[in-house]
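Grab a pencil and let's work through a few exercises together. Each one has a task and then a solution, step by step.

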Amino acid sequence: MRSDTFTSDDGPIGVETLHMTKRFGDFTALDDVSIHVRPGTFHALLGENGAGKSTLVKCMMGFYRPTAGEMMVSGQQVVIDNPKQAHTHGLGMVYQHFTLVPSLTAAENLVIARQSTSDIIDWRAENERLATFMERMPFSVALDQRVGRLAAGEKQKLELLKQLYLGRRFLILDEPTSVLTPQEADELLGMVRGLVDDTGLTCLMISHKFREITAFADDVSILRAGRHVGGGAVADLSTDKMAALMIGEKTLAGSADRQNLDGEIVLAVRGAEADDRSGIKTIAIDTLDVRAGEIVGIAGVSGNGQMELMEMLTGQRPLHGGDIHVNGERFAATRQQAHDLKVRFIPEEPLQNACAGRMSVRENLAFRNFDAGSGSIWLDGRAMTREAAQLVRDFNVKTASLNAPIASLSGGNVQRAVLARELSETIGLLVVANPCFGLDFSAVADIRARIVDARNAGTAVLLISEDLDEILELSDRVLVMSDGRIAYESSAATVDLDSVSRHMAGHA
Amino acid sequence: MSVSARQRTIATGTLQAGGLRGFLSNRKAEAVLVPTGALLAAFVLFSVFLLFLGKSPVEFFQLVWRAGFGTQFSWENTLSRTAPLLLAALCVAIPSRLGLIVIGGEGAIVLGGVAAGAFAIFATGLPGALGMVGMALAAMAMGGIWIGLIGYLRHARGVNETISSLLLAYIAIALMNHFIEGPLRDPASLNKPSTAPVDEAYRIGNLPSLDVHWGLAVGILACIVSYILIEKTTFGFAARIVGGNTRAARIQGLPVGRLMVGFCALAGAFAGLAGMIEVAAVHGSANASLAAGYGYTGILIAFLARHNMLAIIPVAILLAGIEASSGLVQRRMDLPDATMLVLQGLVFIIILMSETLIGRFAIFQPKTEAV
């Protein structure tokens, strides 16, 4: 009955994956990955977005069944079909985002997490158990506080405590510091380090941040495009070496067919400042220019201010200072101005941000243009149908009918429909975020070709992407955003991948 | 699994009957058939309720038919009750197209009535038509401000429009009571505090050769105008984009706030007009009879009509007929006063449940291989 609670008397456990492979249809997310997390160590898992880190840990935790490969816990082969089985082997996971109930106290959160809690909770007994447990922990959290009132760092500590309270002795941390300030991050990782050293915990942490890895981890395994490309003791690896392994050999393409080297400046951002999503940090863009006929790519690890930059440009995030000009005109992102200056936005996740899922394909294709032209108050249904049919044909959108709700289309076809709407007619400025996220290969090639075509036709393109390959393939100039600032800039021809990866990792 | 197999058989089975399949395989048919099915299901459940009380469902529905639709008199009675219901339903249906659930139309109705009554007191001696237009404009402005305020609070301060509209309806009723019992009270109204009777010249008369006042025509016209506005104009399309996905509307640069406030104000103006019609055509003065629950029945009508402005017309007539028959039915069958409320409640719950069925029936979906 007490089997699910804190028991750390049997020594630390190690976990190994052997030839782990995971395919989704034709796509191989994980290709023959063998990593060994030694018992009682702090192990980092490093890789770009889409390198397969999440897939690997999801296979380990039983969220996914691996297509091939085995897993060993403490030297014994185990089969893990679901997270519950992973828990019985002592494996637990702390997610990027919080899984606590904000309206309950820390103590209540810990107690309700236990599987074996009886229907009537004996609070005196529970509090005694908690007190005994906390005595053995090297740090504490205010247990009687409501979780909603705790700071992000405290919440993440509580997530950690919860796993330990549940008796987990092998913890997978999925980018645990992405929602924390640097100070909070250092404090949290220092605690993890202490737990590993003092209580025999074993830890596997997904991270992009070289600084955290070199400061806190013992070993590192590096994944690239689903394969294990290297690793070893952190002490034996330089940051440059890790970055090189993570990024790999990139072929720099795309600048050959450039049409226009010195176009007019179309987008000019000067000293623009705004709050980030958490409200505790500031996004500050000193200078950002995009010229006609060039693609400027902004690379960066997710959550470094790219989405806030998009919102600043689309007028959804108020500026504290500075300004944004398009063609020399101060740009306030009104519909009239966007129309006159031919500014187009393609936000990430088009179904959530650029479409109305229950409205038809035909209606969604008219969002940009329905009130343009004659300025009439009447909706021209026949013209809408005609234009929608034309766009669907031109952009190969596969749909049952023009009247089908756009949510019934596949992701690639939704994105094609949005591109069809935003890339028709002449375009002055195109701002596009993660255009190929989650799409299959054929759609990716198609969509990237459309963006290059727009550039070749003289459009100024700002491409914000978390996919570094995409940035390098398409961009004429590469910028790196880190911690809300533009940390690096280079022309595509002279781009230095080591610097790019180090700036992306916040380790300039 | 067996369900989807059966649905596939249905789909292929109707393949030969091209017309029927063509009709079934579109979303309009779904929008009609699902609420109709829900209405019938509610009637069946209500029949069970009647049997439980030891009453005959057959007699009940016969009586509803007779008292609501059976004779010229009952038709005229039903249609007279339809006018405020049409306008009250628009007050729900229009904001819903922007994704706002406004359930406080009652507030705009009563305040519209008070504003119309007040106009009639202070602007006496105008030509009849001008007086009526003045009363209507005063009522519409009042209702428009009231519901427009709800749209503004939602947009500017993130106040939940469902809660605020409901609570503001209570405040509106309190304000109405204050005015008709206080500053606007006609000293001659003893048992039932009212404003002074509206000048005969300002009273709305009946449609030619019918004992139904002109309010019905106004209500139907309002539904048609709203339909055209929402479905056929660029403003309506912009509003539907906001309702479909506010984030997408913002990125398209649409003035989301102005659209929300504007369309809420229009919805409130229609509800206010309902109050004016009640004053000028039915009661002859503003009094507590304005708070007759039309605003709440309007919610039911709008949901039954799936917020389609034209579908509101038949649904409002149906509900008006049921309401018109309630007195007779309850007396004849010796049923408790709340019986009709039980029926309305059942209909509403089942309609809300049926919303989740939209999009679930394979036969209504366009065939993927069609294009």
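**Exercise 1: the core**

Task: find which residues have the most contacts inside the largest nonpolar core.

Solution. The largest nonpolar core has 110 residues, and Phe60(B), Leu90(B), Met135(B), Phe237(B), Met276(B) and Ile312(B) have the most contacts inside it. Such a core is a set of buried Ala, Val, Leu, Ile, Met, Phe, Trp, Tyr and Cys residues joined through side-chain atoms within 4.5 Å; buried means under 20% relative accessible area (1.4 Å probe, protein chains only). Next, helix α12 of chain B (residues 256-283, a DSSP run of H or I with at least four residues) gives this core its largest share, 15 residues.

Keep in mind that this is a predicted model, where local features need pLDDT of at least 70 and side-chain atom pairs count only at pLDDT 80 or more. Residues are numbered from 1 along each chain as its sequence is written, and side-chain values leave out hydrogens and water.

**Exercise 2: the interface**

Task: work out how many residues of chain B are in contact with chain A.

Solution. Start with contact, meaning heavy atoms within 4.5 Å: 24 residues of chain B meet 33 residues of chain A this way. Then take Phe237(B), which touches Met359(A), Glu363(A) and Phe367(A), among others.

Definitions and conventions: Chains are lettered from A and ligands numbered from 1 in the order in which they are written. Buried means under 20% relative accessible area, exposed over 50%, partly exposed in between (1.4 Å probe, protein chains only). Helices (H or I, at least four residues) and strands (E, at least two) are DSSP runs, numbered from the N terminus. Lists of a residue's contacts leave out its neighbours within four places in sequence.
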